[in-house]
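Biologist: Please take a close look at one part of this model. I want the pairing first, then the packing around it.

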Amino acid sequence: MIVGVRDRAGDPALLHRAAAEARRRHAVLVPVLAWTPVGGEALHRSHPSPELEHAWERNACAELDELLTDTFGPEEPVRVQPVAVCAETLRDAVTAVAVREGDVVFAETPRPSVWARLGLRHHGSERHGVARAR
């Protein structure tokens with residue numbers, strides 16, 4: 001189970017859903033956090049600094065660990081293998097990690113449109129927010 005995490009507000013619920021699915025499938029939960037170099041990728045490419053890159057990655061790993069501890073407490077409900085990936089977007093980071101056929105990706109459920117909230121459009125199936133890697 002691969003789940004992209006972005007922030008503390010919506011991610012605990014998403015992590016709990018993904019953990020329940022991982023438990024059901026006897027799978028490993030892989031929370032993915034995308035990080036980008038301070039100043040942007042272009043500045044980093046023009047003035048690379050391995051020391052800074054390692055520091056940014058350590059900070060991202062610490063942030064992800066803190067989110068997991070805040071969400072699950074000291075006892076994780078399933079085997080968890082967190083990954084911090086240098087990527088411009090969370091989607092790019094998740095895509096880089098979900099490389100095997102059969103990887104299941106939990107994505108943030110998009111906010112329904114105004115039309116859907118008014119009941120004027122039928123929105124998605126109950127499996128909304130889950131996709132398989134190809």
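Modeller: Valine 3 has proline 31 as its bridge partner in strand 2. The model is predicted: local features need pLDDT of at least 70, side-chain atom pairs count only at pLDDT 80 or more, and totals for chains, interfaces and linings use all residues. Residues are numbered from 1 along each chain as its sequence is written, and side-chain values use heavy atoms, with hydrogens and water left out.

Strands 1 and 2 run parallel, joined by 4 bridges. Pairing requires at least two DSSP bridges between the strands. Strands (E, at least two residues) and helices (H or I, at least four) are DSSP runs, numbered from the N terminus. Strand 2 also pairs with strand 3 (residues 83-86), in the parallel sense, over 4 bridges. There, valine 32 has valine 83 as its bridge partner.

Strand 2 is mostly covered, with 5 of its 6 residues buried. Buried means under 20% relative accessible area (1.4 Å probe, protein chains only).

Now the packing. Beyond its neighbours within four places in sequence, valine 3 is in contact (heavy atoms within 4.5 Å) with Leu14, Leu15, Ala18, Leu29, Val30, Pro31, Val32 and Phe106. Val3, Leu15 and Leu29 have the most contacts inside the largest nonpolar core, which has 21 residues. Such a core is a set of buried Ala, Val, Leu, Ile, Met, Phe, Trp, Tyr and Cys residues joined through side-chain atoms within 4.5 Å. At least two of its residues come from each of strand 1 (2-5), helix 1 (11-25), strand 2 (30-35), helix 3 (50-72) and strand 4 (104-106). Helix 3 gives the most, 6 residues. Val32 belongs to a second, separate core of 11 residues, which also includes Leu90, Val97 and Ala98.

Note on methods: Buried means under 20% relative accessible area, exposed over 50%, partly exposed in between (1.4 Å probe, protein chains only).
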